[in-house]
Amino acid sequence: MKEFILPELGENIESASILKVLVVPGDILEFDQAVLEIETDKATIEVPSTVSGIIKDVFVKDGEKIKVGQVILRVEEIEVQPQSTKTTQTEAKTVSAKNDKAARDNKPQASVVTEFKLPELGENIESANVLKLLVSVGDVIQKEQGILEIETDKATIEVPSTLNGKVVELFVKEGTKAKVGQVVLRVETSIPQANEMKTKVETALTAQEKKEETIEIVRGSATAVIIDNQPKINLQSAPAAPSVRRLAREIGIDINQVPGSGSGGRIRMSDVKEYSKKLHENRDSSSGQVGIGIKAESLPDFSKFGEVERKAMSNIRSKTADHLSYAWATIPHVTQFDKADITDLEKIRKGFSSIPEQDGIKLTVTSFLLKIASSAIKEFPQFNASVDMEKKEIIYKKYTNIGVAVDTENGLIVPVVKNVDQKNIFQLTKEMNELAEKARKRKIGLDDLQGGCFTISNLGGIGGTYFTPIVNSPEVAILGVSRGTFEPVYKDGHFIPRLMLPLSLSYDHRVIDGADAIRFLRWIVVSLENPSKFLIQ
Ligand code: CAO
């Protein structure tokens with residue numbers, strides 16, 4: 001039997017508080033494995049073991065104060081020989097070392113089964129409905145191949161594989177809900193060299209977030225299960241011990257938002273608790289409700305008046321409803337109207353359509369508006385912003401990504417054209433059309449739906465005069481475009497026919513004043529009326 005005692009922790013540090021005991025009796029302990037997470041006056045640290053074997057006794061518990069030199073554990077020394085098919089990370093290390101040796105000895109090597117988990121789907125998206133499984137057990141799949149068709153709050157998308165290999169197990173069914181991080185399937189991937197495998201296993205082991213994950217290594221059949229698609233490790237993530245992160249995760253706090261009071265900004269348990277308390281206080285003071293005091297009216301029994309049919313809302317419809325209600329209820333909207341004379345622009349647009357090399361790219365007024373809007377939000381930065389009411393801050397964005405509302409069979413979808421300022425009108429048109437096509441075919445990726453700064457909603461292809469678009473929160477403005485029609489315009493003593501485009505700019509009055517809004521909209525009108533100005537960009 002061996003004892004493990006709390007080692008020297010540094011000059012003048014005689015004791016520490018235990019935040020978490022990371023082992024229990026019966027665990028197989030490896031040399032260097034973290035035993036305790038402790039907090040001293042200076043830092044929160046993990047204490048590694050200096051012994052190995054089976055843990056017989058643990059003499060300390062969470063929250064206790066311990067002294068340097070105090071006995072922490074008693075361990076029965078054994079040679080660690082993993083027996084079971086399911087082993088811990090510790091064992092995984094041992095096994096990877098063994099495989100390494102096998103490779104050197106030219107022995108048959110391990111095959112690898114990798115778990116594919118439902119990847120991050122975007123901010124605040126925790127789960128999705130599985131609409132369709134696109135693969136079956138036994139299928140050989142390739143990277144980028146669609147595995148699932150899912151419906152999230154924002155869109156219906158295909159989830160692509162990040163692996164090559166043969167599907168050996170499927171864990172989700174059509175019509176069920178899958179959570180982000182949930183194992184979707186297992187894939188037998190090509191047999192790696194032991195060295196490669198070791199690297200993979202060790203990479204998996206070093207990631208803090210994966211401490212609780214189990215890596216299965218089946219030596220008999222020489223199969224290793226490696227977790228793929230783990231949450232990405234943010235190299236610049238907030239400095240905090242795993243237990244602190246775990247607590248934050250469990251209570252739904254973004255650790256990166258928590259101010260750390262420890263040395264070097266390290267985040268302690270108490271910081272997470274304090275942050276959570278403040279959030280609750282803020283929420284309580286505003287009752288955390290949208291539409292405070294508005295009581296839902298109960299619906300009448302419509303069947304008394306005639307035949308009715310009830311249909312469940314699609315996920316997109318229900319989330320669009322939530323999102324727009326939220327935006328409508330929380331943003332003080334004002335809509336400003338104006339008209340642009342696009343007669344000259346229309347001539348240019350038609351002229352471009354006869355250029356053979358532009359075949360397949362049909363310019364429309366939306367193409368020009370994309371370019372103009374990106375210049376406009378650069379010129380008027382308060383239109384490329386978001387409001388953080390909690391911190392009483394305005395966030396100004398230095399990039400120009402523009403969303404374009406697309407009408408699809410499944411509802412309204414707003415794909416985002418990225419870095420509009422860096423692309424010409426043809427590139428923008430091509431990209432916008434591809435995104436609209438993807439949205440309509442339910443092939444849009446979540447990346448395509450995120451990161452917008454400003455939105456354009458052009459209903460003019462369908463008709464209409466003016467409308468009042470709802471700001472696409474957390475953006476602060478949206479441009480509604482209606483149908484351009486010929487109107488008599490009084491000029492030089494005569495009425496002449498001009499093609500006039502009705503524009504509606506809705507904006508968030510918390511950050512944008514009426515005078516700025518009309519300046520902004522006028523700027524757009526003048527640009528549309530002087531197309532040569534932006535065409536050379
Ligand atoms: N005024 C007059 N004509 C217009 C116009 C306008 N404002 N906007 C488009 N048109 C014309 C185009 O020039 C094209 O005409 P031709 O075929 O003669 O060249 C025709 O209408 C069809 O255009 P389009 O709709 O295919 O192309 P677009 O680039 O203007 O729009 C897109 C692309 C994706 C915005 C559009 O297809 C769409 O989905 N619009 C609906 C947006 C929507 O639903 N908004 C509401 C959101 S809030 O509920």
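Predicted model: local features only at pLDDT ≥ 70, side-chain atom pairs only at ≥ 80, totals over all residues.
Residues are numbered from 1 along each chain as its sequence is written, and side-chain values use heavy atoms, with hydrogens and water left out.

Let's start with the whole chain. Its secondary structure comes to ten helices and 29 strands; these are DSSP runs numbered from the N terminus, with helices being H or I of at least four residues and strands E of at least two. Of the 537 residues, 43% are buried, meaning under 20% relative accessible area with a 1.4 Å probe and protein chains only (exposed is over 50%, partly exposed in between). If you take the contacts (heavy atoms within 4.5 Å) with a separation of 6 or more, 64% of them join residues 24 or more positions apart.

Now for the inside. In soluble globular proteins, nonpolar side chains tend to be buried together. A nonpolar core here is a set of buried Ala, Val, Leu, Ile, Met, Phe, Trp, Tyr and Cys residues joined through side-chain atoms within 4.5 Å. The largest one has 72 residues, and Phe 454, Leu 503, Leu 505 and Leu 528 touch the most other members. Helix α7 (residues 365-379) gives the largest share, eight residues. Because domain 2 (89-225) and domain 4 (317-534) both contribute residues, this core lies between them; the domain bounds come from an automatic or database domain assignment. There is also a second, separate core of 20 residues, with Ile 18, Val 51, Ile 66 and Leu 73 among them.

Back to α7, which pairs up with helix α9 (residues 514-529): their axes come within 10 Å and cross at roughly 140°. Axes are lines fitted to C-alpha atoms, for helices over the stretch in contact, and angles run from 0 to 180 degrees between N-to-C directions. On the α7 side the contact includes Leu 369 and Ile 372, and on the α9 side Phe 520 and Trp 523.

Finally, look at Leu 185 in strand β16 (residues 183-189). Leu 185 is buried, with a relative accessible area of 0%. Leaving out residues up to four places away in sequence, Leu 185 touches, among others, Phe 116, Val 135, Ile 147 and Phe 171.
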